[in-house]
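This briefing is meant for a reader who is meeting the structure for the first time. Please look over the sequence and the model shown here before turning to the notes, which are grouped by topic.

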Amino acid sequence: MATSTINLENASVEQTREFLDSFDIILSDCDGVLWYLDKPIPGSAHTLRKLRDLGKKLYLISNNSTITIDEYRKRLDLYGLDIKAKEIINTAKTISWYLKKIKFTGEAFVIATTQFRQVLIDDGFKLVPQEKTQILEHKRYEGLKSIEDDPAIKAVIVDFCFLCDWTRLALAISCLDRKDVYYICGCREEWLVYRGNKRILGSGPLIDLISRQSGRTPLEFAKPSENLKDYVFDIWNVKDPGRCLMIGDSINTDMKFGAMCGFKKLFVNTGADKIDEAALSNECCPDFYIPSLALLSPLIDSLQKESAN
């Protein structure tokens with residue numbers, strides 16, 4: 001671990017007090033910090049609730065748009081943490097914010113989950129129907145017309161998608177041949193981690209394929225991106241980045257985003273990366289470390305007991 005990183009697990013009461021006094025706003029990742037897919041990481045949500053009880057503003061910021069904001073809220077409620085919809089950010093919400101900002105009125109071809117697509121539909125955007133790219137194998141040649149460039153499409157938007165097939169990739173690449181078509185992406189992670197030590201292919205390699213074959217570079221809206229930073233600072237009216245704490249388990253997403261924004265960074269060892277890897281990065285080296293967010297809870301209790309005495 002880098003000598004500049006404070007290990008809160010071994011922190012004194014005074015160090016714990018200094019840590020808690022150093023921030024007013026918390027931005028926490030979810031996957032690998034609060035849960036693995038649908039399995040909670042014990043005690044993590046309880047710690048966030050304690051921090052909020054201390055007067056900290058709490059926001060959740062995730063690259064995962066495979067579940068809806070309502071599903072986020074219901075899951076967190078089961079863990080004893082009441083979170084409002086406006087206190088949760090994912091890539092779908094950020095991209096919708098941007099489309100509104102640029103007054104986008106065209107048709108969008110979206111390669112993403114149903115949950116992601118629904119956010120854009122609910123916000124009034126017109127999406128290419130999912131069935132447009134369906135080709136029947138016994139009529140494959142007739143079906144090729146469905147993946148030719150469509151002038152009505154003014155944006156190609158790509159995020160994690162369970163059903164990303166050849167036809168969707170082909171239509172995206174065809175449309176991006178026109179330089180006036182917006183090319184936008186959300187989650188670009190190479191691997192998705194679940195159950196702590198298992199991983200599955202993420203959306204990054206598919207987005208890289210579209211980029212390579214189209215010769216286009218997407219506007220990015222997930223951690224770590226300047227567009228997401230603009231969203232956070234705008235929507236949450238961040239005045240003093242140094243009084244914000246980014247909690248995460250990933251070096252190249254959470255810690256890098258925290259560094260990009262000028263936030264303090266707390267790294268937890270329950271997810272994608274490990275502290276030894278994080279400490280090797282000058283740019284993304286965390287300010288604080290704890291093996292699990294749950295271990296912060298007894299430290300808060302000890303500090304409160306001392307204050308009471």
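Two strands are said to pair if DSSP finds at least two bridges between them. The model described here is predicted, and in it strand β7 (residues 107-111) pairs with strand β9 (residues 153-158) in the parallel sense over 5 bridges.

- An open sheet is formed by 5 strands in the order β8-β7-β9-β10-β13, with parallel pairing.
- Because β8 (126-127) and β13 (219-220) stand at the edges and have a single partner strand each, one side of each is left without a neighbour in the sheet.
- Helix α4 lies across β9, β10 (182-185) and β13, and α4 runs at about 155 degrees to β10.

**Residue A155**

- Is A155 buried or exposed? Its relative accessible area is 0%, and since buried means under 20%, A155 counts as buried.
- Leaving aside residues up to four places away in sequence, A155 touches F104, E107, A108, F109, V181 and Y182.
- A155 and G248 are 93 residues apart along the chain, and their C-alpha atoms are separated by 31 Å.

**The largest pocket**

- The largest pocket has a volume of about 830 Å³, and of the 37 residues that line this pocket, C187, E189, W191, L192 and V193 are the closest to its centre.
- The elements that give two or more residues to the lining of the largest pocket are β3 (35-36), β11 (191-194) and α10 (251-261), and β11 gives the most, with 4 residues.
- Divided by class, the lining of the largest pocket has 15 nonpolar, 11 polar and 11 charged residues.

**The second largest pocket**

- The second largest pocket holds about 190 Å³ of space, and the residues that line this pocket are T68, K93, S96, W97, K100, Q115, Q118, V119, D122, D123 and Y231.
- Which elements give two or more residues to the lining of the second largest pocket? They are α4 (91-101) and α5 (114-122), and α4 is also the helix that lies across β9, β10 and β13.
- By class, the lining of the second largest pocket divides into 3 nonpolar, 4 polar and 4 charged residues.

Conventions: Residues numbered from 1 in each chain as written. Predicted model: local features only at pLDDT ≥ 70, side-chain atom pairs only at ≥ 80, totals over all residues. Heavy atoms only, no water. 1 Å grid on protein atoms, 1.4 Å probe; cavity = no way out; pocket = protein on both sides within 12 Å on 5 of 7 lines; lining within 4 Å. Points joined across faces, edges and corners; volume = space filled by probe spheres on them. Nonpolar A, V, L, I, M, F, W, Y, C, P; charged D, E, K, R; others polar. Contact = heavy atoms within 4.5 Å. Axes fitted to C-alpha atoms, helices over the stretch in contact; angles between N-to-C directions. Buried < 20%, exposed > 50% of the residue type's maximum accessible area, 1.4 Å probe, protein only.
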